[in-house]
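Take a walk through a protein model with the coordinates open beside you.

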Amino acid sequence: MIYDNHNRPITYLRLAVTDRCNLRCFYCMPEEGIKYLPKHQVLTYEEMERLVRVLAQLGVHKVRITGGEPFVRSGLMGFMQRLVAIEGLTDLSMTTNGVLTAPHVAELASLGVRSVNLSLDTLDRERFRKITRRDELPAVLKTLDALLAAGIQTKINAVVMEGQNIEDLIPLADLTRTLPVDMRFIEEMPFNGEGSHYPVLHWTHRRIVEEMQSRFPTLQKLPDPPFSTSATYQIPGHQGTIGIIAAFSRTFCGTCNRIRLTAQGTLKTCLYDNGVLDVRAMLRAGASDEELTAAFLRAFAHRPANGFEAEKQRSVVTESMATIGG
Ligand code: SAM
Ligand code: SF4
């Protein structure tokens, strides 16, 4: 196991397989979309597989496939099949918007994918269309049903946005009454692809908890799993749990075990950094596994202590979450 310069183990990779997406969530990208990377600038599946192999040897045992929307890249299931064969990789999961996912759920289950994060900010079709700029709520709900039917542990991610989905917070939390889902509410972050506005955070993790308590006064705090970014709660008698992710307030950096590879092969050792290593350049210049390993270790030895420190070392945030992977 590799520890960083703040004694945090590095065990979890978030791998963005594309920056392209079939939705246009306004908190992630502008209506016209972002300027997508030309295909040759995106890592090939072979390159990504090699990087996962190298990182698995360093102790990374969990990989989450993300994007952009993973399912807009063709050949995804074949790639995931190759990943599950990598020695040391014990936990393969994914984050998806659920639009194209339902037909693949049975195969995900057969590959051993135990957990999927599904993004869903509202249960109202018109608000869904307004937030994502696409009319795809029915397809996402179909995916939710398919995931539950397949017995895949499902976390539903909702970004909490003033003026957009506040009326949805209680109905979404109430899904946990009958469904064994982890309903997670996420503070909005500044990665909207525009760099033009840094959101004022109206809905902090504390305010979200208060909103839950106002409707569910018996809400209980549960112990959080190790390295969790979310504070876990449950309403007694409900099947599922509620998680609150202080993504903007960054209260969880002290136990952060995760690194990120963007679709163009940039290593990020903090969500808020500007990218610390151009891994694609190394790969395409013919770096050996030993050279890649040494470069990863150098990066892990210089991780910022937290997201505030990382953010201070860069200029204004302009990228979209679709290039980072969440
Ligand atoms: N397209 C997939 C999806 O939406 O699930 C995977 C990629 S998406 C970038 C990963 C996660 O980041 C989603 O749950 C999304 O809600 C979240 N996200 C995107 N932009 C965000 C922002 N500005 N603040 C907070 N979360 C954000
Ligand atoms: Fe696409 Fe996910 Fe970004 Fe929405 S949050 S635009 S689904 S990448």
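This is a predicted model: local features need pLDDT of at least 70, side-chain atom pairs count only at pLDDT 80 or more; totals for chains, interfaces and linings use all residues.

Residues are numbered from 1 along each chain as its sequence is written, chains are lettered from A and ligands numbered from 1 in the order in which they are written, and side-chain values use heavy atoms, with hydrogens and water left out.

Start with the sheet. Helices (H or I, at least four residues) and strands (E, at least two) are DSSP runs, numbered from the N terminus. Two strands pair if DSSP finds at least two bridges between them. Strands of a sheet pair through backbone hydrogen bonds, either parallel or antiparallel. Here 12 strands form an open sheet with mixed pairing. Their order is E7-E8-E9-E6-E5-E4-E3-E2-E1-E10-E11-E12. Which strands stand at the edges? They are strand E7 (220-221) and strand E12 (277-278). Each has a single partner strand, so one side of each is left without a neighbour in the sheet.

Now look at one pairing within that order. Strand E1 (residues 12-16) runs parallel to strand E2 (residues 62-66), and 5 bridges join them. Leucine 13 stands opposite valine 63 in E2. Arginine 14 has arginine 64 of E2 as its bridge partner.

Is E2 mostly covered or uncovered? It is mostly covered, with 5 of its 5 residues buried. Buried means under 20% relative accessible area, exposed means over 50%, and partly exposed lies in between (1.4 Å probe, protein chains only). Both faces of E2 are covered. Lys62, Arg64 and Thr66 are buried on one side, and Val63 and Ile65 are buried on the other.

Two loop residues come next. Phenylalanine 227 is found in the loop between E7 and strand E8 (230-234). Its phi is positive, about 65 degrees, although it is not a glycine. Phenylalanine 227 is partly exposed, at 36% relative accessible area. Arginine 250 is found in the loop between strand E9 (241-245) and strand E10 (258-261). Arginine 250 also has a positive phi, near 55 degrees, and is a residue other than glycine. With a relative accessible area of 6%, arginine 250 is buried.

Arginine 250 leads on to the rings. A charge sits over a ring if NZ of Lys or CZ of Arg is within 6 Å of the ring centre and within 35 degrees of the ring normal. Arginine 250 lies over the face of phenylalanine 308, at 4.1 Å from the ring centre. Arginine 207 lies over the face of tryptophan 203, at 3.7 Å from the ring centre.

Rings also pair with each other. Rings of Phe, Tyr and Trp (its six-membered ring) pair if their centres lie within 6.5 Å; planes under 30 degrees apart count as stacked, over 60 as edge-to-face and the rest as tilted. By this rule there are 4 aromatic pairs. In one of them, phenylalanine 26 and tyrosine 27 have ring centres 5.8 Å apart and planes at 65 degrees, so the pair is edge-to-face. Tyrosine 27 is buried, at 13% relative accessibility. Phenylalanine 296 and phenylalanine 300 form a stacked pair, 6.1 Å centre to centre with 20 degrees between the planes. These two residues are 4 apart in helix H9 (residues 289-300), so about one helical turn separates them. Phenylalanine 296 is buried at 0% relative accessible area, and phenylalanine 300 is buried at 1%.

Finish at ligand 2. A residue is near a molecule if one of its heavy atoms lies within 4 Å of it. The residues around ligand 2 are Cys21, Leu23, Cys25, Cys28, Met29, Gly68, Asn97 and Ala322. For the classes, Ala, Val, Leu, Ile, Met, Phe, Trp, Tyr, Cys and Pro count as nonpolar, Asp, Glu, Lys and Arg as charged, and the others, Gly among them, as polar. This shell has 6 nonpolar, 2 polar and no charged residues. Cysteine 25 is buried at 13% relative accessibility, and cysteine 28 is buried at 14%. How many disulfides does a search of the whole structure find? It finds 0, where a disulfide is a pair of cysteine sulfur atoms within 2.5 Å.
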